[in-house]
Amino acid sequence: SRGTAREDPPMRLSLLLALALWLGLAVGPAGGQSCSTLAPEDPALPTVTTTGAAPGTIVYSNFDSPDFFVTYVVEYDDDASFSHLAAISDAHLVNYTLKSGDADLVLVGGRPRAGRYVFTKTLSFTQRWQFPSSYAMINGRTYYIRNFKIRVSCSPPIQRRSNPVPTAPAQIISSGVPSAPRAMSVNITSGSSVSVGWGSSLDSGDGTPTGETISYLLTYTPPVPGVSQPITVTSGLTSPLTSLAAGTIYSVNVTARNSVGVSVPASRLLRPVRPPAAHAAGAVRLVVNPMNKSTLQGNLEWYFEWDEPADAGFGVPAGNGLSIAEYRFYAELAGTNLTTPRPVNVSTRQYAVTAPLQPSDPFGGLPNATTGISYSLASRNLQEAEPLGYFSRFGAASQGTFVVAKPVQLQLVFSPACAPFCPDGSNGTQVVTPNISAGTHEELAQCSSTPPPCSAVV
């Protein structure tokens, strides 16, 4: 009928018989009687292995015991005499029946060299544990393993424990995951490609650098669309990363993998950078007569100035850990090869045009003449090695020629106050031409006692 489960009578009978057997054997002995469940020993010895275990642990397979009232204690030590484990007095046996898991750990360098593992029987005939539960064993170290049973209801107390029984095998060399790869390095080759390197694991999983076969797994975030991860490296200690975005900060992890599992990662940050872009038109200027002097000398004062590149290495000006460290500047009179680098201040971004680059008369003494000066300017950016990876390159140079016209000589025309006034303005007119020194003037003619005649009749 609906909702009724069918049960095979033979199967039900078998389960009842098994349960009766367990219950019968698990009944505690009368006072003063020895505990037959502790001796003789169970017919099959427990076994241990590290193959396929969680990293750095031992898998322990219990023998088939039907007794639910027995506590099992596994002891392990890197000394065959188990000297690192203090003996358990009869009075303290009950403490082990009240807990499960790790007990009496003896650590060296934060990892166990000896300890006990406590558990009780479950419904399964064969049980498996991985221990220690909170620590990794020491790779490559030989551990000796034995176990015994406790039942506190037995009397006298001396009969509450069995004799220690070695496991099969009685000793095992611990193996686990490799140690983490050592310090990572990065070589930024372009704005989209880098090469990541790392040091080999000192422990391949058996306590030696090369005893186990290791491969390395490289992952990074943010991911690049269309590029699969992890990148597996079976030979060498470097791996290229391509299709990256300049200016994006990536977090890169490298782990070591052997037959047991994967190590903890070695990690670092990196940021791809490209060389600076060339200066755009208008970003480099030749400033003539910067003080706005009204003399010829003022027009002979020139200097170059320029802005920082608008693209310092990833589409934006310098900043956020990327700087402009150097400018490579050339300047010559037009028509001369640009072969002489000119020293410039990276902070002021200026270069004063002085002799011998500028002759004493750059216009050759000719009226209404012009002169030209050519330049070439390139920038070198810098990203320090830490925390994002070293990069420093010169970018493409911007080039150009500036043409400077000879200025018109300034003349001042006026009539001295002492001269009679003529309607046409000719009477007493004076012309002053300032010399090449700013702030001075030619000496004015003195008023005469007889004013000159007017050029036109009043």
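Me: In which sense do strands β9 and β10 pair, and over how many bridges?
Reply: Quick caveat: this is a predicted model, where local features need pLDDT of at least 70, side-chain atom pairs count only at pLDDT 80 or more, and totals for chains, interfaces and linings use all residues. Residues are numbered from 1 along each chain as its sequence is written, and side-chain values use heavy atoms, leaving out hydrogens and water. Strands here are DSSP E runs of at least two residues, numbered from the N terminus, and two of them pair if DSSP finds at least two bridges between them. For β9 (residues 182-188) and β10, the sense is antiparallel, over five bridges.

Me: Which residue in β13 is the bridge partner of Ser195?
Reply: β10 also pairs with β13 (residues 238-241), antiparallel, through four bridges. Gly197 has Thr238 as its partner there. For Ser195, the β13 partner is Pro240.

Me: Which are the edge strands of the open sheet?
Reply: The sheet has three strands in the order β9-β10-β13, with antiparallel pairing. An edge strand here pairs on one side only, and that picks out β9 and β13.

Me: How many of the six residues of β10 are buried?
Reply: Buried means under 20% relative accessible area, with exposed over 50% and partly exposed in between (1.4 Å probe, protein chains only). β10 spans residues 194-199 and is mostly covered. The buried count is five of six.
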